[in-house]
Amino acid sequence: MIHTRYWGILILMLIGCGPATESTPFSEVQIRAVQLDSISVRALKVMPGSVGFAGSHGVIGSLDLRDFSLRTARLENQGNNPELRAVASTSSDFFALSAGDPALLYKTGDQGQMELVYEERGAGVFYDAMAFWDEVNGIAVGDALEGCLSILLTRDGGYHWNKLPCELLPPALPEEGAFAASNSNIAMAGDSAWVISSKGRVYYTPDMGATWELQDTPSKPVSESEGLYSIDFYDNKQGYAIGGDYTNPQGNIGNKIATLDGGRTWELRASGRPTGYKSCVQYVPGRGGRDLVAVGFTGISYSSDAGNSWRTLSNEGFYSLRFINDSTAIASGRGRLAILGFR
């Protein structure tokens, strides 16, 4: 239950985004937790009237944005509860995807129960994120197998998923993949999508996954735990990616990149300056692409100058966040969701 003293900030969630080109930079964040016991949540999806989520121990659920109540359920496969790291939705269905072997992709069924629509087994199977361009075209992305990234596409609203053959994808680097840390390895604008990899590369498709090309970046990770963890685009030109090394969370060399031309060129931002490791970055809506918020177990950081500089607003750790409007976001972490109110 969310206590009555929290209602002031929650009311902000009902206010739609409006033009904010002259908005004052944020100076603080208020955090109100919604407890989830021992569940770790890394995947969030904003839907009409609610925020869907998925996490450890097979738990899926939603936070209702009208009365702020929680609903949860637990998925089971052959006696085991899958580790769910990715979610997506259309106007009619909710999807959840597990990370490791076996990869299990669930879709809302006709009776309102989650039904298994795709399964993949084998050594090295590991999926990281998923998203939909529209009501029928969706994508899921996983670590490289047999020489290319694992990419699933659906063209019928998620009823069926097909894995792209490697001959249609750029060759992967050895041990290339992504990080299933926040379900934000994929960014979309129009028919385009950008996928960041653990090797600091960006895979780009201009046509909903039909063709792919590589966009090189100046981010050059040197260890398995280092790389780009999260990407977001404000529009079809302006994008930002962030990451680092969770085993060296203060490291801030080459962990932030930006583009102003749709990814044709990327440049380092704030290299050697805060912030260090973060697992999720999101543009603040309605602020012209100037304002970004990034979260990780290291805390909440904010930029008011398109990611050229960052400052810490809170040391409370989270894995992922999604904005509801231009001043309120939902964040997820270990054992909780939280409502973040920025001002």
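How many bridges pair strand 11 and strand 12, and in which sense do these strands run? The two strands pair in the antiparallel sense over two bridges; strands count as paired if DSSP finds at least two bridges between them. The model on screen is predicted, so local features need pLDDT of at least 70 and side-chain atom pairs count only at pLDDT 80 or more, while totals for chains, interfaces and linings use all residues. Residues are numbered from 1 along each chain as its sequence is written, and side-chain values use heavy atoms, with hydrogens and water left out.

**Stop 1**

Together they form an open sheet of four strands, in the order 9-10-11-12 with antiparallel pairing. Strands here are DSSP runs (E, at least two residues), numbered from the N terminus. Strand 9 (127–132) and strand 12 are the edge strands, each pairing on one side only. Then select Leu-153, which stands opposite Asn-162 in strand 12.

**Stop 2: the disulfide**

Next, display Cys-148 and Cys-166. Their sulfur atoms are 2.1 Å apart and form a disulfide (a pair of cysteine sulfur atoms within 2.5 Å). A search of the whole structure finds one such link. Cys-148 lies in strand 11 (residues 148–154) and Cys-166 in the loop between strand 12 (162–163) and strand 13 (186–189), so the bond ties together parts that are 18 residues apart in sequence. The angle about the S-S bond is -75°, and the link is left-handed.

Is each cysteine of this pair buried or exposed, wholly or in part? Cys-148 counts as buried, at 3% relative accessibility, whereas Cys-166 is partly exposed, with a relative accessible area of 26%. Buried means under 20% relative accessible area, exposed over 50%, and partly exposed in between (1.4 Å probe, protein chains only).

**Stop 3: two tyrosine pairs**

Move to Tyr-229 and Tyr-277. Their ring centres are 5.0 Å apart and their planes stand at 85°, so the pair is edge-to-face. Rings of Phe, Tyr and Trp (its six-membered ring) pair if their centres lie within 6.5 Å; planes under 30 degrees apart count as stacked, over 60 as edge-to-face and the rest as tilted. This pair links distant parts of the chain, 48 residues apart: Tyr-229 is in strand 17 (residues 226–233), and Tyr-277 is in the loop between strand 20 (267–268) and strand 21 (280–283). Both tyrosines are buried.

Now select Tyr-234 and Tyr-283, another edge-to-face pair, with 5.6 Å centre to centre and 65° between the planes. Tyr-234 belongs to the loop between strand 17 and strand 18 (239–245), and Tyr-283 to strand 21, 49 residues apart. Tyr-234 is partly exposed at 29% relative accessibility, while Tyr-283 is buried at 7%.

**Stop 4: other aromatic sites**

The whole structure holds 14 aromatic pairs. Select Phe-26, Tyr-302, Phe-323 and Phe-342, which form one aromatic cluster. Then turn to Arg-42, which lies over the face of Tyr-319 at 3.8 Å from the ring centre. The charged end of Lys-107 sits over the ring of Tyr-159, 3.9 Å from its centre. A charge sits over a ring if NZ of Lys or CZ of Arg is within 6 Å of the ring centre and within 35 degrees of the ring normal.

**Stop 5: Asn-252**

Finally, select Asn-252, in the loop between strand 18 and strand 19 (256–259). Asn-252 counts as buried, at 15% relative accessibility. Its side chain reaches the backbone oxygen of Arg-273 at 3.5 Å.

Terms used:
A polar contact is a pair of N or O atoms within 3.5 Å; within protein, one must be able to donate a hydrogen and the other to accept it, and residues adjacent in sequence count only if both atoms are side-chain atoms.
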